[in-house]
Every structure is written in C-alpha cells, then in structure tokens.
Amino acid sequence: MQHDFQFSAPLAFADIERLTSALCTLPGVRGIDLEPGGREMHVEFDEDATSTRDITAALLGAGYGEARKEKSGGCCGGCCGG
C-alpha cells in the first residue's frame with residue numbers, strides 16, 4: 001500500500017533525514033520518496049505490518065504533527081532497505 005502525506009512547509013535536508021530515520025524504523029515500510037523543497041512525502045508500506053496510523057504517530061514523534069494524509073496511489077522512488 002502507498003499513501004501521500006502533505007506538509008505545511010517545504011522540507012529541508014535536515015527534515016528529510018529526520019523523517020527517513022523515523023519511518024525506516026517502522027516494520028513494513030518499504031519506501032519513502034521526498035525531496036528538499038517539496039511539501040509531499042510518499043510512503044510505500046506493507047499494510048499487514050504497519051498502518052497509516054503508525055506512520056502518522058512516527059511523524060508526530062519526529063516533530064511533524066502537521067503532516068496530513070492525502071491520497072493513495074502513485075509511484076515510490078525511495079527505499080528503506082526493507
């Protein structure tokens with residue numbers, strides 16, 4: 001499964017590092033696609049291992065409580081090695 005998340009401000013390199021670190025610790029996260037200056041993050045995950053609720057909780061724990069879940073679908077270009 002894949003979901004898109006929207007942020008209220010553009011992402012800097014430090015944001016990308018923090019988000020990637022937080023989400024790659026979740027079981028079932030297969031890929032993360034985000035870029036500096038962007039406001040969207042695409043997450044591909046195994047819905048049997050994790051959920052959008054778990055992902056949102058990880059975002060909150062990393063200091064990104066303003067992230068909103070947007071839509072499903074699309075292509076994921078990143079990989080967490082999972």
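Leu34 is found in the loop that runs between β2 (29-33) and β3. The model described here is a predicted one. Its chain has two helices and four strands, and these follow one another along the sequence as β-α-β-β-α-β.

**The chain as a whole**

- The chain has 82 residues, and 38% of them count as buried.
- The chain exposes about 4,500 Å². Carbon and sulfur atoms supply 49% of that area.
- Contacts in the chain can be sorted by how far apart the two residues are in sequence. Taking those between residues at least 6 apart, 67% join residues at least 24 apart.

**How the two helices pack**

- Two packed helices are described by two values, the angle between their axes and the distance between the axes.
- Helix α1 covers residues 13-24 and helix α2 covers residues 52-61. The angle between them is about 135°, and their axes lie 9 Å apart.
- Angles over 145 degrees count as roughly antiparallel and those from 65 to 115 as roughly perpendicular. The helices α1 and α2 are therefore oblique to each other.
- The crossing of α1 past α2 is right-handed.
- On the α1 side, the contact is made by Leu19, Ala22 and Leu23. On the α2 side, it is made by Ile55, Ala58 and Leu59.
- Sorted by class, the contact of α1 with α2 has six nonpolar residues, no polar residues and no charged residues.

- Leu34 has a relative accessible area of 14%. Buried means under 20%, so Leu34 is buried.
- Setting aside neighbours within four places in sequence, Leu34 is in contact with Leu11, Ile16, Leu19, Thr20, Glu40 and Met41. One of these, Leu19, is also among the α1 residues that make the contact with α2.
- Leu34 and Asp15 are 19 residues apart in sequence, and their C-alpha atoms are 9.9 Å apart in space.

**Asp46, between β3 and α2**

- Asp46 sits in the loop between β3 (40-45) and α2.
- The relative accessible area of Asp46 is 24%. This value falls between the 20% limit for buried and the 50% limit for exposed, so Asp46 is partly exposed.
- Not counting residues up to four places away in sequence, Asp46 touches Gly28 and Arg30.
- Arg30 is 16 residues from Asp46 along the chain, and the C-alpha atoms of the two are separated by 7.2 Å.

**Gly63 and Gly65, between α2 and β4**

- Gly63 lies in the loop between α2 and β4, and Gly65 has its place in the loop between α2 and β4 (68-72).
- Gly63 has a relative accessible area of 57%. Exposed means over 50%, so Gly63 is exposed.
- Gly63 and Arg18 are 45 residues apart along the chain, with 8.9 Å between their C-alpha atoms.
- Leaving aside its neighbours within four places in sequence, Gly65 is in contact with Leu59 and Leu60. Leu59 is also one of the α2 residues that make the contact with α1.
- Gly65 and Phe7 are 58 residues apart in sequence, and their C-alpha atoms are 9.1 Å apart.

Key:
Residues numbered from 1 in each chain as written. Predicted model: local features only at pLDDT ≥ 70, side-chain atom pairs only at ≥ 80, totals over all residues. Heavy atoms only, no water. Axes fitted to C-alpha atoms, helices over the stretch in contact; angles between N-to-C directions. Parallel < 35°, antiparallel > 145°, perpendicular 65-115°, else oblique. Left-handed = near helix turned anticlockwise from the far one by under 90°. Contact = heavy atoms within 4.5 Å. Nonpolar A, V, L, I, M, F, W, Y, C, P; charged D, E, K, R; others polar. Buried < 20%, exposed > 50% of the residue type's maximum accessible area, 1.4 Å probe, protein only. Areas by Shrake-Rupley, 256 points an atom, 1.4 Å probe, with all protein chains shown as cover.
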